[in-house]
Amino acid sequence: MAELARPVVEGVEPELARRRRIAIVPAYNEEHTVGRVIEEIQAFDPGFAIVVVDDGSTDRTALVAERVGVQVLRLPFNLGIGGAVQTGYQYALDNGFEVAVQVDGDGQHNPHEIARLVDPILEGKADMVVGTRFAEGGGYRGTRLRRVGIHLFAGLVSLMVGQRVTDTTSGFRAVNRKGIRLFAADYPHDYPEVEATVLLARHRLRMVEVPVVMRIRETGSSSITALRSVYYMVKVLLALFIGLFRRYSTPLEEP
């Protein structure tokens, strides 16, 4: 099998350079932004392997990514963000990667902030690191209803996992090999970011948050209206309640 990780270059953190590392980019109809996202990841660290999980796009998302020269996994139909991300983690597990970073294909995540995400992992302080928009320095701006919902989820999840969590809906995350193995075996599909934090805690893995600044969405528009936001919040709360009684699968240990 061909080597997937790119060569190590000068300027990359030495400890990171020693790890096999991959960026998982879930994308759905992101033909206008996915190419730039890939280029920014490569500019941050050409040693990062990149896998774009095309979640049943109806536009040229997969073609754009393939032309840039990265691995593309084409899903036959739209599974949703949870299914796409789990596909990426399974790929990372199967190919022996030690560090995986989630970067959305819509351009909202700044790949140059990946260093903040991976530092606690390289230092052995965390199994998953989440980029939070609400910690000091995050500077998040959004609708009032959306902020209320995020804070509500954060308070509830904080109680469930026994530590303070400020941003449960952030998809800008990094995990080590333990996290890769866990999320390849079991990753929430309905409300993945919120539930994944609880899943991680249930398996006694460590999580920390680091402040990041997220960019404004450049293409498309959100389909989440005020009414849908309320509906979403109710369903997430119900999913979290059900999760209290859910039996989670246990990932297999490394051979």
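Q: Does N29 count as buried, exposed or partly exposed, and at what relative accessibility?
A: In this predicted model, local features need pLDDT of at least 70, side-chain atom pairs count only at pLDDT 80 or more, and totals for chains, interfaces and linings use all residues. Residues are numbered from 1 along each chain as its sequence is written, and side-chain values use heavy atoms, with hydrogens and water left out. Buried means under 20% relative accessible area, exposed over 50%, and partly exposed in between (1.4 Å probe, protein chains only). N29 therefore counts as partly exposed, at 28%.

Q: In which loop does N29 lie?
A: N29 is not a glycine, although its phi is positive, at about 55°. Helices (H or I, at least four residues) and strands (E, at least two) are DSSP runs, numbered from the N terminus. N29 lies in the loop between β1 and α2 (34-44).

Q: Is R204 buried or exposed, and at what relative accessibility?
A: R204, a residue other than glycine, has a positive phi near 60°. R204 lies in the loop between α8 and β7 (207-211). R204 counts as exposed, at 76%.

Q: Which residues touch the most other members of the largest nonpolar core?
A: A nonpolar core is a set of buried Ala, Val, Leu, Ile, Met, Phe, Trp, Tyr and Cys residues joined through side-chain atoms within 4.5 Å. Among the 35 residues of the largest one, the members that touch the most others are I22, Y89 and F183.
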